[in-house]
Amino acid sequence: MRFSSVAIAAALATVSITTALQGQRPDDQIDPRSLQWLAQGKAQRSAGNLDGATDTLETAIALDPRNRAAFIVMAEVASQRGLPGKAIRLYREALLLEPADRIALKGQGEALVAKGAVVRAKENLARLKTLCRGNCPEATSLAATIAKGPPVTTAQVAPQVTAAKQ
């Protein structure tokens with residue numbers, strides 16, 4: 001009698017866990033609706049509608065957070081808008097899903113250079129070189145960006161308004 005309640009609880013736990021695991025999709029199956037939103041976001045980006053592309057890509061990620069391509073395209077949009085910090089974060093999300101993604105490594109490295117973090121960009125370049133043994137266009141492109149260095153920013157000085165004395 002003492003063990004029957006424990007046995008029933010264990011049986012219920014086993015049934016609920018196996019049922020939950022059978023309902024999950026494998027990691028390589030992205031929700032088709034998310035892929036449709038991704039295609040729409042790419043089209044909007046190509047048309048120059050960066051705000052609409054961002055909204056559409058956010059929807060794609062909300063539908064399926066494993067849609068690595070949506071994170072990459074969203075990071076590219078952030079780079080186009082001059083937001084390297086946001087691009088770095090989005091590329092990191094893509095790399096969490098697939099650490100060996102060469103496009104995400106290259107993009108994150110370029111965003112790091114734009115932010116001024118050349119040392120971290122060189123780490124991405126080293127990872128890229130270990131991933132692709134031979135000719136690697138991503139590594140070549142990132143090496144060229146690192147060699148060029150971060151963009152030079154100058155301080156904006158507001159023109160001084162002088163009051164006319166009368």
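User: What does Ser141 count as, at 28% relative accessibility?
Analyst: Buried means under 20% relative accessible area, exposed over 50%, and partly exposed in between, with a 1.4 Å probe and protein chains only. Ser141 has a relative accessibility of 28%, so this residue counts as partly exposed.

User: What kind of model is this?
Analyst: Residues are numbered from 1 along each chain as its sequence is written, and side-chain values use heavy atoms, with hydrogens and water left out. Local features need pLDDT of at least 70, side-chain atom pairs count only at pLDDT 80 or more, and totals for chains, interfaces and linings use all residues; the model is predicted.

User: How many helices does the protein chain have?
Analyst: Helices (H or I, at least four residues) and strands (E, at least two) are DSSP runs, numbered from the N terminus. Along the sequence the pattern is α-α-α-α-α-α-α-α. The protein chain has zero strands, and its helices number eight.

User: Which residues is Ser141 in contact with, leaving aside neighbours within four places in sequence?
Analyst: Ser141 lies in helix 8. Its C-alpha atom is separated by 10.0 Å from that of Gly109, 32 residues apart along the chain. With contact taken as heavy atoms within 4.5 Å, and with neighbours within four places in sequence left aside, the partners of Ser141 are Lys106 and Glu110.

User: Why does Thr145 count as buried?
Analyst: Thr145 is found in helix 8, which runs over residues 137-148. Apart from neighbours within four places in sequence, it is in contact with Glu110 and Val113. Thr145 counts as buried because its relative accessibility is 18%.

User: Which helices do the buried residues of helix 6 pack against?
Analyst: Among the buried residues of helix 6 are Ala104, Leu105, Gln108 and Leu112. The buried residues of this helix pack against helix 4, helix 5 (84-97), helix 7 and helix 8.

User: How far apart are the end C-alpha atoms of helix 7?
Analyst: The expected span of a helix is 1.5 Å times one less than its number of residues. Helix 7 (residues 118-131) has 14 residues and should therefore span 20 Å. In agreement with this, its end C-alpha atoms are apart by 20 Å.

User: How wide an arc do the buried residues of helix 7 cover around the axis?
Analyst: In helix 7, the buried residues are Val118, Ala121, Asn124, Leu125 and Leu128. They lie on the same side of helix 7, because the arc they cover around the axis, taken from the directions from the helix axis to the C-beta atoms, is only 110°.

User: How much space lies in the largest cavity?
Analyst: On a 1 Å grid over the protein atoms alone, a cavity is a set of points where a 1.4 Å probe fits but cannot get out, and lining residues have an atom within 4 Å of a point. Grid points are joined across faces, edges and corners, and a volume is the space filled by probe spheres set on the points. The structure holds one cavity of 30 Å³ or more. The space in the largest cavity is about 40 Å³.

User: Which helix gives the most to the lining of the largest cavity?
Analyst: The lining consists of Thr54, Met74, Val77, Ala78, Arg81, Leu83 and Lys86. With three residues, the most is given by helix 4 (residues 68-80).

User: How far apart in space are Ile30 and Asn67, C-alpha to C-alpha?
Analyst: Ile30 lies in the loop between helix 1 (2-22) and helix 2 (32-46). Not counting residues up to four places away in sequence, Ile30 touches Leu35, Asp64, Arg66 and Asn67. Ile30 and Asn67 are 37 residues apart in sequence, and their C-alpha distance in space is 6.3 Å.

Notes. On a 1 Å grid over the protein atoms alone, a cavity is a set of points where a 1.4 Å probe fits but cannot get out, and a pocket is an open set with protein on both sides within 12 Å along at least five of seven lines; lining residues have an atom within 4 Å of a point.
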